[in-house]
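Hi everyone, thanks for making time for this one. Please have the structure open on your screens, and we'll walk through it together.

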Amino acid sequence: MAVEATGTNHVAIIFGVTGLVGKELARILSSKKTWKIYGVARNPMIISQHPNYHFISCDLLNPSEAQHKLSSLRDVTHLFWVTWASQFPLDSEECCEQNKAMMGNALNAILPVAEKLRHVSLQTGTKHYVSLRGPFGKGGEVCYYNEEHPRVIGGNNFYYALEDLLRERLAGKVAWSVHRPGLIMGSSQRTVFNFMGSLCVYGSICRHLNLPFMFGGTKESWEEAYVDGSDARLVAEQHIWAVVNEDIHSTGGQAFNAINGKAGGFTWKEIWPAVGSKLGVEVPPDMFSEEFSLLAAMADKEGVWKEIVEKEGLVQTEMRELANWGFMDMLFRCPVKMLGTRNKADGLGFTVRYQTLDSILYWIDFMRKEKLIP
């Protein structure tokens with residue numbers, strides 16, 4: 001049943017509220033007097049204690065549960081979709097179908113009753129522009145993708161499936177936008193590809209065991225820009241900017257890259273020593289290694305992480321709740337560059353920018369304040 005709130009004229013529903021960007025959306029919107037927020041996720045987490053924030057526990061893959069828990073939310077004016085189902089491999093048909101089903105279940109419950117719905121804001125990523133299955137080009141000029149770049153032919157990118165589903169279901173009656181971040185920097189215990197969590201757990205273990213803070217990956221990924229950084233604060237602010245700025249609304253859908261802003265991205269080589277210093281670890285002169293694998297090096301460190309949690313009085317977490325070593329190995333050996341331009345958002349007046357190193361250092365401090373890391 002919809003919860004009444006006085007003095008609000010914007011009502012947001014955030015699907016994926018416990019994730020990196022979902023948490024920031026809830027935090028920012030809760031600070032604004034004119035917003036009421038419904039936060040939806042499968043498992044509860046304290047995101048905001050603001051009286052206008054209401055958490056709804058819901059398994060969106062269960063159509064009857066989604067209908068039961070969401071179909072009374074008649075007052076929703078803005079829908080934020082910042083979640084995805086990760087049970088199946090990326091670029092698989094099963095991944096596409098599962099994510100379509102999850103969004104479809106939510107839309108089936110919301111669209112018939114939310115007569116005041118004004119905007120749907122979808123989050124995907126810069127993998128929109130590439131396929132991780134290859135073939136991968138060699139050499140040549142770096143391509144900085146803009147939002148009009150054509151889709152990759154072949155494969156099963158669930159980003160395309162979600163855009164197509166929105167276009168079909170909204171049928172030109174409701175404005176919508178899609179936001180494409182790169183590597184997201186934020187804090188969450190409920191995120192599959194958790195870069196900051198992985199980085200900080202790795203650094204904490206190196207410090208605890210007096211191990212060198214090594215970078216393991218390809219020489220190209222070490223020395224060249226391969227991915228854009230995207231601060232979760234920036235991505236959340238861009239979602240909000242797009243939904244409230246009616247001058248840029250489009251019922252055909254507006255796409256925006258959601259990246260920090262430095263032309264040409266960043267390299268791990270230039271920022272690794274500063275990150276290690278912030279984490280209080282030894283960064284050796286020969287910090288780069290093609291052979292070093294985090295998945296292999298951290299395979300037996302679950303007990304070490306438990307020791308650190310107990311010794312430092314941290315929030316009780318299992319290592320796997322914060323760290324994904326396979327993801328980090330993949331990130332540091334990425335076979336294709338995913339670099340975008342933010343000229344479109346800049347040209348339309350979005351001004352939030354961050355330096356990626358500053359973002360990493362900020363979120364290390366933030367996770368320390370949350371008592372997730374020492």
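Predicted model: local features only at pLDDT ≥ 70, side-chain atom pairs only at ≥ 80, totals over all residues.

**A walk through the sheet and its neighbours**

In what order do the strands of the open sheet come? There are 7 strands, and the order is E3-E2-E1-E4-E5-E7-E11, with parallel pairing. At the edges you'll find strand E3 (53–57) and strand E11 (254–258), each pairing on one side only. From one strand to the next, the twist averages 20 degrees.

Helix H4, residues 158–170, lies across E4, E5 and strand E7 (175–181), and runs at about 170 degrees to E7.

Let's zoom in on strand E1, residues 10–15. Are the residues of E1 mostly covered or uncovered? Mostly covered: 6 of its 6 residues are buried. Look at the two faces in turn. On one side you have His 10, Ala 12 and Ile 14, on the other Val 11, Ile 13 and Phe 15, and all of them are buried.

Who are the neighbours of E1 in the sheet? E1 is joined to strand E4 (residues 78–81) by 4 bridges, with the strands parallel, and here Ile 13 stands opposite Leu 79.

What about H1 itself? Because 10 of its 11 residues are buried, H1 is largely enclosed by the rest of the structure. Among those buried residues are Lys 23 and Glu 24, along with Leu 20, Val 21 and Gly 22.

In the loop between E1 and H1, please find Thr 18. Thr 18 has 7% relative accessibility, so it counts as buried. Beyond its close sequence neighbours, up to four places away, Thr 18 touches Lys 23, Ala 41, Asn 43, Met 45, Ile 47, Ser 188 and Arg 190. The C-alpha atoms of Thr 18 and Arg 42 are 9.0 Å apart, although 24 residues separate them along the chain.

My last stop is the aromatic rings. The count comes to 24 aromatic pairs. One of them is Trp 268 with Phe 332, an edge-to-face pair at 5.1 Å centre to centre, with 75 degrees between the planes. Trp 268 lies in helix H8 and Phe 332 in the loop between helix H12 and strand E13, so the pair ties together parts that are 64 residues apart in sequence. Both Trp 268 and Phe 332 are buried. They also belong to a cluster linked by ring pairs, including Phe 195, Tyr 202 and Trp 222.

Rings can have charged neighbours here too. The charged end of Lys 344 sits over the ring of Phe 256, 5.0 Å from its centre, and Lys 127 lies over the face of Tyr 159, at 5.8 Å from the ring centre.

Methods: Residues numbered from 1 in each chain as written. Heavy atoms only, no water. Buried < 20%, exposed > 50% of the residue type's maximum accessible area, 1.4 Å probe, protein only. Helix = DSSP H or I, 4+ residues; strand = E, 2+ residues; numbered from the N terminus. Pairing = 2+ DSSP bridges. Phe/Tyr/Trp six-rings, centres within 6.5 Å; stacked < 30°, edge-to-face > 60°. Lys NZ or Arg CZ within 6 Å of the ring centre and 35° of its normal. Axes fitted to C-alpha atoms, helices over the stretch in contact; angles between N-to-C directions. Contact = heavy atoms within 4.5 Å.
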